[in-house]
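This report describes the pockets, the surface and the charged contacts of one protein model. Please consult the sequence and the structure shown here while reading.

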Amino acid sequence: MPVHILRARDGRLLMYYSGFQRFPDIRYKIFAGLAVSHNDGESFQRVQTAPLLGSSNEESLFRCAPFVIESDNGYRMWYIAGSSWETVRGKQVPRYSLKYIESHDGIEWPNEGRPCLELQHDEHGFGRPWIERDDQGTYHLYYSIRVRSVAAYRLGYATSKDGLDWVRNDAAMGLLPTPGSFDANGMSYSALIKAHGSTYCFYNGNDFGKDGVAVARLV
């Protein structure tokens with residue numbers, strides 16, 4: 001699953017993606033990979049055949065869904081990590097939270113990350129983060145929340161001064177499910193762009209986008 005494409009300062013396109021591995025005793029494991037384009041996205045080549053983020057002692061099942069920013073000192077990554085499953089309404093679902101790591105080249109990363117957003121009582125996972133940094137230096141996090149009580153994703157929002165310690169304000173996202181519509185049962189994977197003086201947020205509807213993809217405009 002392509003997760004985030006970063007245009008590096010040298011012009012390359014870095015495509016970070018998630019790859020699933022099936023196993024007989026569990027549904028799957030998910031780890032992150034990286035492919036690079038030197039021709040503006042016409043084609044990509046994997047950096048390595050092994051996962052970019054592979055299994056570690058504390059993050060043995062899930063190290064995936066990365067969002068990467070290039071900084072003056074290298075690269076900063078926010079990603080999803082975890083080591084367990086739990087049962088929600090009779091279905092095995094992954095349990096994972098948001099972690100943070102740094103790299104000098106965007107390829108070599110530490111084996112374990114720093115926790116920067118923890119789950120609350122009715123949550124068992126977060127979806128792929130999307131990070132924006134405004135002109136005042138504040139970081140804005142757009143993410144998905146896997147909620148037990150509805151057995152689906154909802155959209156969340158948080159802010160931070162350093163990208164490490166986040167203050168949640170999920171209600172400020174302002175996007176709720178529409179009864180009887182394509183996003184009545186699920187809203188996930190928010191992604192932002194700025195174009196023609198406006199900010200747009202794309203997100204997936206029910207069943208991870210099976211019923212449709214939406215766009216909302218910031219007002």
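## The second largest pocket

The lining of the second largest pocket comprises 8 nonpolar, 6 polar and 4 charged residues. In this classification Ala, Val, Leu, Ile, Met, Phe, Trp, Tyr, Cys and Pro are nonpolar, Asp, Glu, Lys and Arg are charged, and the others, Gly among them, are polar. The model is a predicted one, in which local features need pLDDT of at least 70 and side-chain atom pairs count only at pLDDT 80 or more, while totals for chains, interfaces and linings use all residues. Residues are numbered from 1 along each chain as its sequence is written, and side-chain values use heavy atoms, with hydrogens and water left out.

The second largest pocket holds about 330 Å³ of space. Of its 18 lining residues, Lys91, Arg146, Ala151, Ala152 and Phe208 are the closest to its centre. Two or more lining residues come from each of β7, β11 (139-147), β12 (152-160) and α1 (206-209). The greatest contribution is that of α1, with 3 residues. Helices (H or I, at least four residues) and strands (E, at least two) are DSSP runs, numbered from the N terminus. A pocket is an open set of points on a 1 Å grid over the protein atoms alone, where a 1.4 Å probe fits, with protein on both sides within 12 Å along at least five of seven lines; lining residues have an atom within 4 Å of a point. Grid points are joined across faces, edges and corners, and a volume is the space filled by probe spheres set on the points.

## The largest pocket

About 470 Å³ of space lies in the largest pocket. It is lined by 21 residues, and those closest to its centre are Met1, Phe20, Tyr153, Tyr189 and Phe208. Strands β1 (2-7), β2 (13-21), β5 (62-71) and β7 (91-103) each provide at least two residues of this lining. By class, the lining consists of 14 nonpolar, 3 polar and 4 charged residues.

## Salt bridges

Side chains of opposite charge can pair when their charged atoms come close. A salt bridge is counted where a side-chain nitrogen of Lys or Arg lies within 4 Å of a carboxyl oxygen of Asp or Glu, and this rule gives 10 salt bridges. One of them joins aspartate 72 to arginine 9, at 3.4 Å from N to O. Aspartate 72 belongs to the loop between β5 and β6 (74-88) and arginine 9 to the loop between β1 and β2, so that the pair links distant parts of the chain, 63 residues apart. Aspartate 72 is exposed, at 71% relative accessible area, and arginine 9 is exposed as well, at 56%. Residues are called buried under 20% relative accessible area, exposed over 50% and partly exposed in between (1.4 Å probe, protein chains only).

Glutamate 86 and arginine 148 form another salt bridge, at 2.6 Å from N to O. Glutamate 86 is in strand β6 and arginine 148 in the loop between β11 and β12, 62 residues apart. Glutamate 86 is buried, with a relative accessible area of 16%, whereas arginine 148 is partly exposed, at 23%. In the salt bridge between glutamate 123 and arginine 168, the closest N and O atoms are 2.7 Å apart. Because glutamate 123 lies in strand β9 (residues 123-126) and arginine 168 in strand β13 (residues 167-168), this pair ties together parts that are 45 residues apart in sequence. Both glutamate 123 and arginine 168 are buried. Elsewhere, Glu59, Arg63 and Lys99 are linked in a salt-bridge network.

## Nonpolar surface patch

Ile193, Phe202, Val213 and Val215 make a nonpolar surface patch of about 350 Å². Such a patch consists of residues with over 30% relative accessible area and no salt bridge, with nonpolar side chains (Val, Leu, Ile, Met, Phe, Trp, Tyr) joined within 5 Å. Accessible areas come from the Shrake-Rupley method with a 1.4 Å probe, and for residues only the protein chains shown count as cover.

## Backbone features

Alanine 65 is not a glycine, yet it has a positive phi of about 50°. Alanine 65 is placed in strand β5 and is buried, with a relative accessible area of 10%. Arginine 89, also not a glycine, has a positive phi of about 55°. Arginine 89 occupies the loop between β6 and β7 and is exposed, at 64%.

How values were computed. Patches are made of residues with over 30% relative accessible area and no salt bridge: like charges are joined within 9 Å, nonpolar side chains (Val, Leu, Ile, Met, Phe, Trp, Tyr) within 5 Å.
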